[in-house]
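Student: I've got a model open and I'd like to learn how to read its features one by one. Could we go through it together?

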Amino acid sequence: QGNAEAQYALGAMYGQGEGVPQDFTEAYFWLDLAASGKQSSELMQEQCRKARDEVATHLTKETLLQTQERAQKWFENHAAIPQ
């Protein structure tokens, strides 16, 4: 629902494999959403960007592009939903 802290936590869980199978694609997706959150502080956005960029090193260019497209679609589909 657009909560950057929750998105960051979920991305970190996927990146570390804590409570869920380790999945760098899912980690990148959630961290990208968190980094782009309009309602989070600049410090939170920076922390999310750093974590997202680290996870990106584990992805192929093709997977990275697909995941970025998925995140963009998420934003398009959720832009009209009030926070």
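This is a predicted model: local features need pLDDT of at least 70, side-chain atom pairs count only at pLDDT 80 or more; totals for chains, interfaces and linings use all residues.

Student: Fine. Which residues are linked in a network of salt bridges?

Tutor: Asp 32, Arg 52 and Asp 53 are the members of that network. For Arg 52 and Asp 53, the N to O distance is 3.1 Å. Now look at accessibility, where under 20% relative accessible area is called buried and over 50% exposed, with partly exposed in between. Arg 52 has 15%, so it counts as buried, while Asp 53, at 42%, is partly exposed.

Student: How many salt bridges does the structure hold?

Tutor: Five. One of them joins Glu 26 to Arg 70, and there the closest N and O atoms are 2.6 Å apart. When you read a pair like this, check where each partner sits along the chain. Glu 26 belongs to helix α2 and Arg 70 to helix α4 (residues 61–78), so the bridge links distant parts of the chain, 44 residues apart.

Student: Is Glu 26 buried or exposed?

Tutor: Buried, because its relative accessible area is 17%. Arg 70 comes out at 34%, so it is partly exposed.

Student: Let's turn to packing. At what angle do helix α2 and helix α3 pack?

Tutor: For two helices, you look at the angle, the separation of the axes and the handedness. Helix α2 (residues 24–35) packs against helix α3 (residues 42–56) at about 155°, and their axes are 8 Å apart. An angle over 145 degrees counts as roughly antiparallel, so that is the label here. As for handedness, α2 and α3 cross in a left-handed way.

Student: Which residues of α2 and α3 meet?

Tutor: On the α2 side you have Phe 24, Ala 27, Tyr 28, Leu 31, Asp 32, Ala 34 and Ala 35. Facing them from α3 are Gln 45, Cys 48, Arg 49, Ala 51, Arg 52, Val 55 and Ala 56.

Student: What about a single residue? Which residues is Gln 7 in contact with, leaving aside its neighbours within four places in sequence?

Tutor: Start with its place, which is helix α1 (residues 4–16). Its relative accessibility is 5%, so Gln 7 counts as buried. Apart from those sequence neighbours, Gln 7 touches Gly 2, Trp 30, Leu 33, Ala 34 and Trp 74.

Student: Where is Thr 60 found?

Tutor: Thr 60 is in the loop between α3 and α4. With a relative accessible area of 47%, Thr 60 is partly exposed. From Thr 60 to Gln 7 is 53 residues in sequence and, C-alpha to C-alpha, 22 Å in space.

Note on methods. Residues are numbered from 1 along each chain as its sequence is written. Side-chain values use heavy atoms; hydrogens and water are left out. Axes are lines fitted to C-alpha atoms, for helices over the stretch in contact, and angles run from 0 to 180 degrees between N-to-C directions. Helices (H or I, at least four residues) and strands (E, at least two) are DSSP runs, numbered from the N terminus. Angles under 35 degrees count as roughly parallel, over 145 as roughly antiparallel, 65 to 115 as roughly perpendicular and the rest as oblique. A crossing is left-handed if the near helix is turned anticlockwise from the far one by less than a right angle, and right-handed if clockwise. Contact means heavy atoms within 4.5 Å. A salt bridge is a side-chain nitrogen of Lys or Arg within 4 Å of a carboxyl oxygen of Asp or Glu. Buried means under 20% relative accessible area, exposed over 50%, partly exposed in between (1.4 Å probe, protein chains only).
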